[in-house]
Amino acid sequence: MGNLRALVSVLGFTGSIGANTLDVIARHPDRFEVYALAAHSSVDAMLAQCLAFAPRYAVMMDEAAATQLRQRLPADAVTEVKQGDSGLAEVVTAPQVDVVMAAIVGAAGLPSTLAAARAGKTLLLANKESLVMGGHLLMQAVRESGARLLPIDSEHNAIFQCMPVDEHGIPVGRGVDKVLLTASGGPFRRWSLEQMFAATPDQACAHPNWAMGRKISVDSASLMNKGLEFIEACWIFDLAPERVDIVVHPQSIIHSMVQYLDGSVLAQMGNPDMRTAIAYGLGWPERLVSGVAPLDLVAAARLDFEAPDESRFPCLRLARESVAAGGTAMVVCNAANEVAVAAFLDQQIRFTEIPIVIERTLEQMDNVEPISLSVIESADGQSRQVAAGLLVDMQRSAGKAKQV
Ligand code: NAD
Ligand code: MG
């Protein structure tokens, strides 16, 4: 008798999405088997989960971490250790693999996400940056290989749940007027620009509703996360930018909505816990137990809505302008944002300087057609260099200002 369980590769399993994915998988040992776990460099976490899930492969991006893991795994362990990009590619494209959870953070996730799409896998897409950078390539790969793309980002998962689908389960815009993408507004929703100038990394990462990795938490505070999700929605649901509206909804109970031509608006609601979206992706089209507590609407009591403020949150404007510019502008915007967010987390720049780095990088970079992965990677690399140069200039002038 063949193996009836779906074989899953979890990329970025040590992160917030990765941990939630393993939590859901552990609730359904009859349905899922972990084929591979991949992470950057945390040997302790890898060791613990290799013992818990007995995956066939463990991939460490870092060479020293891979060596250490090989030494520390028990001699009778069933898990084989692989390393680096080639190891990652193997556990994504192996014929036995049914499902790939793409939960690496940032541009680093693009090659493996694209490889999963090209190999025709069921792709659970959390790594939004890969769609932002290579949306055209990724969606083309999905169409050509017959891969199934199931969005894990909570908003897109919500939209997917509220969208009509064709007989193959592919979302179709039939009868749809608009998509209403909700945003919590993040921890600085009511902060002035002066307050945001003085914001610390911990304050930016203290999201009022969601527990997430630090990069996406800063993106949520600057609203760049919503900018990235805006383009993500356009690609996944094949929508022109003017058909996606952003609505601030501070309680994060509605995870997004679809507005139909007849005036109906369908919303997907639930507690802000990523396991709902992950379970929906893993089980689709069935519903699985996820461990998420039932929504208590009486306790929640109210749902508020307001328009986003692009003057206090210029990252949203920059993302919109990059979408309108097309070409590699979103690649540049994403790369400059990653550099700026890392510098902010490292306390090299102020929170309010993040959009300045992005805007200046966009001004300095050429816009070309993102026709291949190498063009995208080259635009990404060049943008990072430009952004890093800007950081040096900014620190120099900040140093001079201090001396005066
Ligand atoms: P995280 O920082 O908690 O985890 C990131 C993971 O990526 C870790 O396992 C790390 O080992 C791995 N990683 C980092 N650099 C890598 C590299 N160069 N090569 C291979 N692996 C690498 O991040 P997260 O919050 O779980 O977010 C993961 C992705 O999911 C992001 O793209 C984020 O935007 C998206 N997402 C997250 C949430 C959330 O609730 N956390 C919600 C929606 C979407
Ligand atoms: Mg989201």
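1. A salt bridge is here a side-chain nitrogen of Lys or Arg within 4 Å of a carboxyl oxygen of Asp or Glu. Arg 302 is exposed, its relative accessible area being 54%, whereas Asp 304 is partly exposed at 25%. The model under discussion is a predicted one.

2. By the same rule the count of salt bridges comes to 27. One of them joins Lys 178 to Asp 245, with 3.0 Å between the closest N and O atoms. This pair links distant parts of the chain, since Lys 178 belongs to strand E8 and Asp 245 to strand E9 (residues 244-248), 67 residues apart. Lys 178 is partly exposed, with a relative accessible area of 23%, and Asp 245 is also partly exposed, at 27%.

3. A further salt bridge brings together the side chains of Arg 396 and Asp 393, at 3.7 Å from N to O. Both residues lie in helix H17 (residues 373-403), three residues apart, or about one turn of the helix. An α-helix has 3.6 residues a turn, so residues three or four places apart point the same way. Arg 396 is exposed at 53% relative accessibility, while Asp 393 counts as partly exposed at 42%.

4. Asp 153 lies in the loop between strand E7 (148-151) and H7, and Glu 229 in helix H11 (residues 224-236), so the pair ties together parts 76 residues apart in sequence. Asp 153 and Glu 229 are both buried. A network of salt bridges links Asp 153, Glu 155 and Glu 229 with Lys 128 and Lys 226.

5. Aromatic pairs number six. In one of them, the ring centres of Phe 160 and Trp 284 are 6.1 Å apart and the planes stand at 50°, so the pair is classed as tilted. Phe 160 lies in helix H7 (residues 154-162) and Trp 284 in the loop between helix H12 (275-283) and helix H13 (297-300), 124 residues apart. Both residues are buried.

6. The rings of Phe 188 and Phe 351 have centres 5.0 Å apart and planes at 90°, so this pair is edge-to-face. Phe 188 is in the loop between strand E8 (176-183) and helix H8 (193-197), and Phe 351 in the loop between helix H15 (329-345) and helix H16 (354-364), so the contact ties together parts 163 residues apart in sequence. Phe 188 is buried at 0% relative accessibility, as is Phe 351 at 4%. Together with Trp 191 and Phe 344, they form one aromatic cluster.

7. Helix H5 (residues 110-118) has seven of its nine residues buried, so the helix is largely enclosed by the rest of the structure. Among the buried residues are Leu 110, Leu 114 and Ala 117. Just after H5, Gly 120 adopts a positive phi of about 75°.

8. Met 269 is placed in strand E11 (residues 265-269) and is partly exposed, at 37% relative accessibility.

Technical notes: Residues numbered from 1 in each chain as written. Chains lettered and ligands numbered in written order. Predicted model: local features only at pLDDT ≥ 70, side-chain atom pairs only at ≥ 80, totals over all residues. Heavy atoms only, no water. Phe/Tyr/Trp six-rings, centres within 6.5 Å; stacked < 30°, edge-to-face > 60°. Helix = DSSP H or I, 4+ residues; strand = E, 2+ residues; numbered from the N terminus. Buried < 20%, exposed > 50% of the residue type's maximum accessible area, 1.4 Å probe, protein only.
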